[in-house]
Amino acid sequence: MNPYTEESLHIRIRDINPHIVCSLCAGYFIDATTITECLHTFCKSCIVKYLQTSKHCPQCNLKVHETHPLFHLRADRTMQDIVYKLVPHLFENEEKRREDFNKSRGVVTPVKPGKKAEVHTPPKLSTVINTPDGHKYHHDEQICLCLEPLRHQERDYCGQRLSLRQLEKKFVRCSIRVLISHLKAMLHRKLAVPPEIKFDILCEDEVQAEETSLKQIYLMTWYGKETPMVLYYQFTTDDSVT
């Protein structure tokens with residue numbers, strides 16, 4: 001008879017601490033982020049700050065990337081949900097800490113005279129816990145973009161002359177998880193360009209890979225600059241479709 005079928009299995013938190021504690025700050029994971037090259041996990045703020053001065057994993061010393069180590073970071077939402085469920089009151093305490101920080105910075109919803117103060121509910125740290133739709137993009141942190149054509153270009157396609165033009169609405173607000181491939185698909189649709197014609201998207205004169213997220217571009221290229229983040233698009237220079 002299985003001994004666990006009729007009684008609860010009790011696990012001591014100290015037995016699993018090595019798996020849910022960040023080696024950089026010695027605290028439980030907050031916004032757990034994993035290095036894709038070696039699968040070691042840290043708090044997002046800890047590893048982003050660390051990789052600004054180093055190219056190696058702080059745990060195993062594996063070189064993450066020679067020039068763009070932040071490209072190899074991925075949010076580990078499953079791990080973060082596990083940590084919040086295992087550590088009592090961690091989720092609530094972190095939420096309260098962020099709310100207090102926002103208040104100290106003056107980010108408080110004003111109350112009109114004669115109206116009862118509304119209870120401000122800040123964004124949840126892990127929406128997957130609180131809502132079954134938490135994995136969807138509209139729950140994410142948002143980023144503001146400006147999409148501009150890099151220069152005037154024309155391209156022959158099936159006897160037609162395609163001209164690269166400016167978007168009717170060049171300012172975009174979207175999730176930080178949006179990839180460059182998503183932006184390219186949007187450009188094809190908005191500019192009515194056949195899918196055989198390819199685009200390059202650039203930030204600060206550097207062509208961005210399709211699997212790169214907007215958050216990665218922001219951290220690597222635009223951090224500290226005024227918003228919106230400006231991205232340029234052009235027809236791919238080596239595209240041979242005619």
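Which residues touch the most other members of the largest nonpolar core? In this predicted model, they are Leu145, Leu214, Leu231 and Tyr233, out of the 30 residues that make up that core. The elements that each supply two or more residues to this core are strands E4 (142-149), E7 (171-175), E8 (199-203) and E10 (229-235), together with helices H6 (180-190) and H7 (214-222), and among these E10 gives the most, with five residues. Apart from this core lies another, of 24 residues, which includes Phe42, Cys43, Tyr84 and Leu90.

Let me turn to the sheet. Five strands form an open sheet with mixed pairing, in the order E7-E4-E10-E8-E9, and its edges are E7 and E9 (206-207), each of which pairs on one side only. Within the sheet, E8 and E10 pair in the antiparallel sense over four bridges, and Ile201 stands opposite Tyr233 in E10.

As for the helices, H6 lies across E4, E8 and E10, and runs at about 125 degrees to E8, while H7 packs on the sheet by touching E4, E7, E8 and E10, its direction making about 110 degrees with that of E10.

Finally, the cysteines. The structure holds zero disulfides. Cys25 is in no disulfide, the nearest cysteine sulfur being that of Cys46, 3.8 Å away, where the cut-off for a disulfide is 2.5 Å; Cys25 is also partly exposed, with a relative accessible area of 40%. Cys60 is likewise in no disulfide, since the nearest cysteine sulfur, that of Cys57, is 3.7 Å away and a disulfide requires the two sulfur atoms within 2.5 Å; Cys60 is partly exposed, at a relative accessible area of 37%.

How values were computed. Residues are numbered from 1 along each chain as its sequence is written. This is a predicted model: local features need pLDDT of at least 70, side-chain atom pairs count only at pLDDT 80 or more; totals for chains, interfaces and linings use all residues. Side-chain values use heavy atoms; hydrogens and water are left out. A nonpolar core is a set of buried Ala, Val, Leu, Ile, Met, Phe, Trp, Tyr and Cys residues joined through side-chain atoms within 4.5 Å. Buried means under 20% relative accessible area, exposed over 50%, partly exposed in between (1.4 Å probe, protein chains only). Two strands pair if DSSP finds at least two bridges between them. Contact means heavy atoms within 4.5 Å. Axes are lines fitted to C-alpha atoms, for helices over the stretch in contact, and angles run from 0 to 180 degrees between N-to-C directions.
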